[in-house]
Amino acid sequence: MTNRVTLIGAGAMGGAIGTRLLETGNTLTVFDLDKAKVQELVDKGAKTAPSAAEAASVSDYVILSLNSPKIVRMAIFGTGGVAQGARPGTLIIDMSSIDPEATKALASDAAEKGLRWVDSPLSGGAPKALVGQLTLIAGGNEQDVADAYRVLQHVSSNYTHMGPSGAGQTTKLINQVLCGLNFLAVAEATQLALDAGVDAAKIPQALKGGRADSAILQEYMPRFVARDYRRTGRIDNMVKDLNGAQDLARLTNTAMPLTATCAEVHRMLAAAGLGGEDQAALMEFFKGPNKDIGQ
């Protein structure tokens, strides 16, 4: 049976999710204020609607791929929003990365309007979405999470129910702490290798399978070496997520000194105008004349 899906948010991540859903036989209606992004999906077979409300009215599932709790709330409850058009029982799947407390409030408000809510943030980025290999971490009612999988199975290879509403977003923050620290560690190690005269491009293969190995090492050290800054993510999105992790740490009184340092480096790069660049641009933090070893 074909799933009838509405996608709200057709940016880099939403566009990849939408492309994959179309390729796997789902009926897709898309809404975004960026008409050029919408047209890219229409050219691949999607339908469009003049408002989020009208887009939601023709679907059983509404996927959100947006940037902040404020934008998510406006998309659902604002004028012309999803809640004004969606039928009772429509399942909203929020694949945005927003804070857990905002998610709990959104899910509660949606329930009052007869709408179901699953938070399902992701890891893997647009490249993994296009081949159906995202890691998805879900929060919500057990039956709703199972129902969401009827759609999400097309974009994911790893789907885990973490608990009630907000649990998916909490797990995503933990994921971002691990990723942010790993990105920075690999960038720092890359610069050390370059300064010491080691062929850093060989390091991923040399360390493959060892304890220092990781997906980020394998993908990003070659990019760091080559200063390959093509965009598959954004530094300012990492700033948002690390800020969220620090906010959660204050609520739980959790000491996170390494995360604090990592967040400051990312904030410095964003302040320098690199917020829209990929994580590969972390190498800009290490710019400067190399010193001769031993001097």
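**Notebook: overall fold and strand 1**

I first looked up contacts (heavy atoms within 4.5 Å): residues 24 or more positions apart account for 67% of those with a separation of 6 or more in the protein. The model is predicted, so I note that local features need pLDDT of at least 70, side-chain atom pairs count only at pLDDT 80 or more, and totals for chains, interfaces and linings use all residues. Residues are numbered from 1 along each chain as its sequence is written, and side-chain values use heavy atoms, with hydrogens and water left out.

I then looked up the secondary structure: the protein has 12 helices and 9 strands (DSSP runs numbered from the N terminus; helices are H or I of at least four residues, strands E of at least two).

For overall dimensions, I found that the C-alpha atoms fill a box of roughly 70 × 45 × 35 Å along the principal axes.

Next I checked burial. Of the 295 residues, 49% count as buried (under 20% relative accessible area, with a 1.4 Å probe and protein chains only).

I turned to strand 1, residues 4-8. Because 4 of its 5 residues are buried, strand 1 is largely enclosed by the rest of the structure. I recorded its pairing with strand 2 (residues 27-31), which is parallel and runs over 5 bridges; two strands pair if DSSP finds at least two bridges between them. Within this pairing, I8 stands opposite F31 of strand 2.

Methods. Buried < 20%, exposed > 50% of the residue type's maximum accessible area, 1.4 Å probe, protein only.
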